[in-house]
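Subject: Structure for you to look at

Hello,

Here is the structure I said I would pass on. My notes follow below it.

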2 protein chains.
Amino acid sequence: MTTISGRVDIGLNAFVVPMAQTIVGSMADGRPNFMAAAWLTRVNSKPPLLGVAISKRHHTHAAITATGQFSVNVPTVEMTAVTDYVGLVSGAWVDKSGLFEVFHGHLDAAPLIRQCPLAIECRVYTAVDLPGDTFFIGEIAGAWCADDCLDADGAPDPRLLRPVLLTMPDNRYWSMGDVVGRAWHDGKALRGGGGEAG
Amino acid sequence: MTTISGRVDIGLNAFVVPMAQTIVGSMADGRPNFMAAAWLTRVNSKPPLLGVAISKRHHTHAAITATGQFSVNVPTVEMTAVTDYVGLVSGAWVDKSGLFEVFHGHLDAAPLIRQCPLAIECRVYTAVDLPGDTFFIGEIAGAWCADDCLDADGAPDPRLLRPVLLTMPDNRYWSMGDVVGRAWHDGKALRGGGGEAG
């Protein structure tokens, strides 16, 4: 065990802690297909781009490649079992189209999940070819939130969305905790002067 | 206000909920520099790749471009103010090198933060040029965890790391909550048969 400066070498397969657990939707063979996905992030503001890493082995990979569209759906903590399930079984073998009630926003190959209080539809902007995964970067074409999960400003309220977090390699799902601060605000007390951002 | 199927159109600037709040380290003008970053994700398993979106306007962007290295540091909930601060002031104007105690693992231009219980050092694998940001995809060269934050398997324990989450556009920091399930496990009860993964 290598230790530097009181820190232990945990190997190269480290993870971001925690990850938002989502369900990626696509149209495969004319049917909605879904898989659990947690390797995703926004990557650009204007235009609004969101990227998700999908293993080339997955049925979803072929579907997104074929249609150029996908959805990102944010399940609630009550949906962990079905969310986990769509990550366990392949759409190549199991028809997952009946698991959720689907609706469509602006795109025809980005099935949105009615049971998820937040659902985002994307059109592929570019696809980054990596050794095992493709990082599909999508331009957000629409975003839909349950009206009872909006805050006073009309934005999704995380307390009401009750999203699921994933940690690896311990492979646990978590709820969100409490508010511990305000972003682009709490650091002002430390600011003696100077310009914006890192 | 457009509504489809009981879902409200919240516009195109939707976010992943929630995001892990990290501090990206780089070497700028020979000094450690730090910025708050929450747009990041693992993107590939083998090799282990981790991507982070950095605005082209940021000092960190020039630093990573120049050195080809960066670090991703995971602060605790006790560190929200300083984490927020490094996102408010630019390294172009303010020397942030003294904010943290720095150590190095395998790389010389990926300063690791001693105060953060988990710190990951990356070598740029490829850089994806986007309109406002560059998505720097780094290969993980080392990952270091405080020994008192490891679980019985020697992996980082999220309960002990106490990471900070960010939500947008409400711009709040959050703690993690409780365990609500087991990944690659809880869905088995729903599995009637079939192959692996979505």
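Against which strands do the buried residues of α2(A) pack? They pack against β4 (22-28), β5 (31-37) and β14 (172-182) of chain A, together with β14 (172-182) of chain B. Contact here has C-beta atoms, placed from the backbone, within 7 Å; buried has 20 or more other C-beta atoms within 10 Å of a residue's own. Helices (H or I, at least four residues) and strands (E, at least two) are DSSP runs, numbered from the N terminus.

This is a predicted model, in which local features need pLDDT of at least 70 and side-chain atom pairs count only at pLDDT 80 or more, while totals for chains, interfaces and linings use all residues. Residues are numbered from 1 along each chain as its sequence is written, and chains are lettered from A and ligands numbered from 1 in the order in which they are written.

Helix α2 (residues 80-88) of chain A is mostly covered, with eight of its nine residues buried. Among them are T80(A), Y85(A) and L88(A).

Chain A superposes on chain B by a rotation of 180 degrees with 0.0 Å of shift along the axis (RMSD 0.0 Å), fitted by least squares on C-alpha atoms of residues with pLDDT of at least 70 in both. The two copies are thus related as by a two-fold rotation axis. G177(A) has the C-alpha of chain A nearest the axis, at 1.9 Å.

The contact takes 112 residues from chain A and 111 residues from chain B. β14(A) gives the most to chain A's side, with 11 residues.

Regards

Definitions and conventions: A residue is buried if 20 or more other C-beta atoms lie within 10 Å of its own, exposed if 12 or fewer, and partly exposed in between; C-beta atoms are placed from the backbone. Two residues are in contact if their C-beta atoms, placed from the backbone, lie within 7 Å.
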